[in-house]
Amino acid sequence: MATPREPGNGEPSALILSGAGEYADPWHSFPETSRRLGEVLTGVGCDVEITENLLGRLSDLDDIDLLVVNAAAGPSGSGRVDVERALEGFLARGGGILAVHVGVCSLLDLAGWPNLSGAAWIPRRTTHPPLGSCWIDVRQAGHPVSARLSSFEVVDERYSYLDLRPGSHVLASHMHDGLEHPLVWAREIGRGRVVADALGHGPESYESTGHRALIGAAAGWLTERRRPPQG
């Protein structure tokens, strides 16, 4: 699947990596959630391309402003060094990365991905309550992504007991087992910016006005340095 964008119109370009084949799993409907992500990003002024060719498309990010990861890790294998170099160059140019749900913890099984995205899934520790309606607490203070957002309700999975890495500015969280667990956070890596959004298990997540607003605010911050000046 590939949904090309029209180049040259001055809008930030967003590339959604959508899980398929080796990068799919039995638990997530990546084609549908990628489509819904694309609708949200188009609504906030991005040119959107959706691709299932993860390895091939990651080899050249020169025309991309926002990279969205919505895919399972897939098998270990060759080609990872070239992808890591491409990601390093992308961030060095001031690119933005939005990692969504399972994409927060995995990209092509890259060893360095947790330090980039800001969290790792720890076997036998990390978990989530059953899919259902839940309340997401947004922290308005301290970051431009969340400053104008409100807490919201969403039908989703809520990752809990993730290994959150230093340098992650928590934007939203949930309560589970009497503890607060981060769900959304922002990071700055050199000139690059990263937002990890552990919500987004299924299409019902994107029915939430609050979740869509959060994604839109994240996209604005992630592409801020790449947008043309106003006025």
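Me: What makes the contact between Glu224 and Arg193 a salt bridge?
Reply: In this predicted model, the N to O distance between their side chains is 2.8 Å. The cut-off is within 4 Å, for a Lys or Arg nitrogen and an Asp or Glu carboxyl oxygen. The pair therefore qualifies.

Me: Where in the chain do Glu224 and Arg193 sit?
Reply: Glu224 is in the segment after α5 (209-222), and Arg193 is in strand β12. They are 31 residues apart, so the pair links distant parts of the chain.

Me: Why is Arg193 called buried?
Reply: Its relative accessibility is 9%. Buried means under 20%, so Arg193 counts as buried.

Me: Why is Glu224 called partly exposed?
Reply: Its relative accessible area is 47%. That falls between the 20% and 50% limits, so the term is partly exposed.

Me: How do you know that Arg93 forms a salt bridge with Asp62?
Reply: The closest N and O atoms are 3.7 Å apart. The limit is 4 Å, so the pair counts.

Me: What does the pair of Arg93 and Asp62 tie together?
Reply: Arg93 lies in the loop between α3 and β5, Asp62 in the loop between α2 and β4. The pair therefore ties together parts 31 residues apart in sequence.

Me: Why is Asp62 called exposed?
Reply: Asp62 has 59% relative accessibility. Exposed means over 50%, so the label holds. Arg93, at 32%, is partly exposed.

Me: Which residues are joined into one network, and what joins them?
Reply: Glu32, Arg35, Arg36, Glu39 and Glu207 are joined by salt bridges that share partners.

Terms used. Residues numbered from 1 in each chain as written. Predicted model: local features only at pLDDT ≥ 70, side-chain atom pairs only at ≥ 80, totals over all residues. Heavy atoms only, no water. Helix = DSSP H or I, 4+ residues; strand = E, 2+ residues; numbered from the N terminus. Buried < 20%, exposed > 50% of the residue type's maximum accessible area, 1.4 Å probe, protein only.
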